[in-house]
Amino acid sequence: MTGVDHIGIAVRKLTDAIPFWRDQLGLQFVAIEEIPTEKVRVAILKAGATRVELIEPTSPDSPIAKYLEKRGPGIHHLALKVDDLSARMAALRDAGRPTLDDAPRPGADGSVVTFLHPGNAGGVLVELTQTAAGRPKH
Ligand code: CO
């Protein structure tokens, strides 16, 4: 484990959430990315060495829309950087805490990611991410 990559925060509307995080809290706005496979739009903001990602659903059947319906806006997941995602996934499987995917799946910027269900991670949805070598640093 080499650090916190980002903290994911579920929001109803990026246009309402961005001004608070950028203007009142002073985080540096980086970009907005649409992730059609997850049915979300993500605003990336720099918070020192790590990032905050504001996540807005783009469809009522998005997992984030369901999360907002159930829990309201707030911290959705914690993303940790790992050096060797496949090895970490195997170690977790051996420890009886399997990740949601059998193999790493493609994430943003050429990274690979998977998730640990909160039931297997002390109530926290944990994202594990291995960044691509040479990935541009946001
Ligand atoms: Co994430």
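Predicted model: local features only at pLDDT ≥ 70, side-chain atom pairs only at ≥ 80, totals over all residues.

User: With which residue does Glu38 form a salt bridge, and how far apart are the closest N and O atoms?

Analyst: A salt bridge pairs a side-chain nitrogen of Lys or Arg with a carboxyl oxygen of Asp or Glu, within 4 Å. Here the partner of Glu38 is Arg105, and the closest N and O atoms are 2.8 Å apart. Arg105 belongs to strand S6, whereas Glu38 sits in the loop between S2 and S3, so this pair ties together parts that are 67 residues apart in sequence. Arg105 also counts as partly exposed, because its relative accessibility is 25%.

User: How many salt bridges are found in the whole structure?

Analyst: The search finds 8. Another of interest joins Asp61 to Lys39, with 3.0 Å between the closest N and O atoms. Asp61 is in the loop between S4 and helix H2, and Lys39 is in the loop between S2 and S3, so the parts tied together are 22 residues apart in sequence. Both ends are partly exposed: Asp61 has a relative accessibility of 40%, and Lys39 has 32%.

User: Which residues are linked in a network of salt bridges?

Analyst: Asp5, Arg51 and Glu53 form such a network. Within this group, the closest N and O atoms of Arg51 and Glu53 are 3.0 Å apart. To judge burial, one applies a cut-off: a residue is buried when its relative accessible area is under 20%. Arg51, at 7%, is therefore buried, and Glu53, at 12%, is buried too.

User: Which strands are joined to S4, and do they run parallel or antiparallel to it?

Analyst: One looks for bridges between strands and then for their direction. Strand S1, residues 3–10, runs parallel to S4 and is joined to it by 5 bridges. On this side, Ile9 stands opposite Leu54. Strand S3, residues 40–47, runs antiparallel to S4, with 8 bridges between them. There, Leu45 stands opposite Val52. S3 and S4 form a hairpin with 2 residues between the strands, where Gly48 has a positive phi near 65°.

User: Which residues provide the protein donors of the cobalt ion?

Analyst: The protein donors are NE2 of His6, NE2 of His77 and OE of Glu127, at 2.0 to 2.1 Å from the cobalt ion. Along the chain their spacing is H-x70-H-x49-E. His6 in strand S1 and His77 in strand S5 are 71 residues apart, so this pair links distant parts of the chain. Both His6 and His77 are buried.

User: Is Thr129 buried or exposed, and with which residues is it in contact?

Analyst: Thr129 has its place in strand S8, residues 126–130. Thr129 is buried, because its relative accessible area is 2%. Apart from neighbours within four places in sequence, its contacts are Asp5, Leu80, Lys81, Val82, Ser111, Val112 and Val113.

User: How many helices and strands does the chain have, and in what order do they run?

Analyst: The chain has 3 helices and 8 strands. From the N terminus on, the order is β-α-β-β-β-α-β-α-β-β-β. The radius of gyration is 15 Å, close to the 14 Å that the globule rule gives for 138 residues, so the chain is as compact as a globular protein of that length. Its C-alpha trace spans about 45 × 35 × 25 Å along the principal axes.

User: What share of the residues is buried, and what share of the contacts joins residues at least 24 apart?

Analyst: Buried residues account for 38% of the 138 in the chain. Among contacts between residues at least 6 apart in sequence, 49% join residues at least 24 apart. Finally, the accessible surface comes to about 7,700 Å², and 55% of this belongs to carbon and sulfur atoms.

Note on methods. Residues numbered from 1 in each chain as written. Heavy atoms only, no water. Pairing = 2+ DSSP bridges. Helix = DSSP H or I, 4+ residues; strand = E, 2+ residues; numbered from the N terminus. Donors = N, O, S within 2.8 Å, 3.2 Å for Na, K, Ca; no water. Buried < 20%, exposed > 50% of the residue type's maximum accessible area, 1.4 Å probe, protein only. Contact = heavy atoms within 4.5 Å. Rg over C-alpha atoms; globule rule 2.2 N^0.38 Å. Areas by Shrake-Rupley, 256 points an atom, 1.4 Å probe, with all protein chains shown as cover.
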